[in-house]
Amino acid sequence: MRSILRTDPIARDVTALCAAAAVVGLSFGAIASAGGVPLAQIMVMNAFVYAGGAQFLAVGLAGAGATAVAIIAAGLLLNARHLPFGLAIGNEVLGASRWGRLLGSHLMTDESVAFALAQEDPGRRRRAYWMTGIALFLTWNVSAAAGAVVGSALGDPDTLGIDAAFPAALLALTLPSLKDRPSTLVALGGAALALVSTPWLPAGLPVLVALLALVLGRRSS
Amino acid sequence: MSWIAIIALALGTYAFRFAGPVLRDRISVSEGIRRYLTLSAVALLAALIATAALLDGTHFVGVARPAGVLVGAVLAWRKAPFVVVVVAAALTAALLRVAGVE
């Protein structure tokens, strides 16, 4: 294990991400359990919804007395970004086999996509996607279940600065993709559109509005 | 929470995840389209980064988190190892909070 971590930069980076994800998972389990969600439901959500943001949102809405329809609509709006993510990475990253596609698409998260896009060649892209996907899936399921059992004894993960770790991690993974002027403009435009539209739109939509920034991606020459 | 909500959320999310790669197989991807598909992931990630770094819901999140992300950003730009970026961002935000800066 130690030697893998020393020789394989992807494994080392994924380990760092998993450490942060474990803290978020623990806190999700604790919050959901404190909100009265049974352990069985928490574990099914972890395994089959497997999307931290949507899970926090669903538990928060349920605690506020929202209807099932409202929870489903809000969660799906937040998760709609996976469709363009999948279009971007394609089966080249998931692999050729049918099982690879069926299982691999379930492992699609912001982090696994960002890790894949940060790699140069197709082989490394596929390896980064799968390593991130499997490691994060296991981390999320174990830590969120543990958090539900241990409860709120853990305290607020913000105390550890985990809330700053995730955007910083995604940023580090996205920087290599900003290799020319159009891609930098698209990134800045997308960020600006999402920030400006957030007060006016339901959660999830501002991130999709960012796709309008693609008009800035035209090659100048 | 209702089981219906959990099951529908799981199925719908999986449909979004599965549809992207399948659709990409169905359309003819020229080099130009391929480039725009990658750019759309960049736009989405940038939007996620910006909103997660600066906002809590619809409000400005305070100083500690953006400061942590900024330290991480500078380190990433200077090509520091990924682990260093992540730890430095968390540590900066955590220390600021210890110092009473939210």
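**Reading chain A by its definitions**

Of the 221 residues of chain A, 48% count as buried. This is a predicted model, in which local features need pLDDT of at least 70 and side-chain atom pairs count only at pLDDT 80 or more, while totals for chains, interfaces and linings use all residues. Residues are numbered from 1 along each chain as its sequence is written, and chains are lettered from A and ligands numbered from 1 in the order in which they are written.

Visitor: Which residues of helix 4 of chain A are called buried, and what makes a residue buried?
Guide: A residue is buried if 20 or more other C-beta atoms, placed from the backbone, lie within 10 Å of its own. In helix 4, G52(A), A54(A), Q55(A), L57(A), A58(A), V59(A), L61(A) and A62(A) are buried.

Visitor: What is counted as a helix, and how many does chain A have?
Guide: A helix is a DSSP run of H or I with at least four residues, and a strand is a run of E with at least two, numbered from the N terminus. Chain A has 12 helices and zero strands.

Visitor: Why is chain A called as compact as a globular protein of its length?
Guide: The globule rule is 2.2 Å times the number of residues to the power 0.38, and the radius of gyration is taken over C-alpha atoms. For 221 residues the rule gives 17 Å; the radius of chain A is 18 Å, close to that value, so chain A is as compact as a globular protein of that length.

Conventions
A residue is buried if 20 or more other C-beta atoms lie within 10 Å of its own, exposed if 12 or fewer, and partly exposed in between; C-beta atoms are placed from the backbone.
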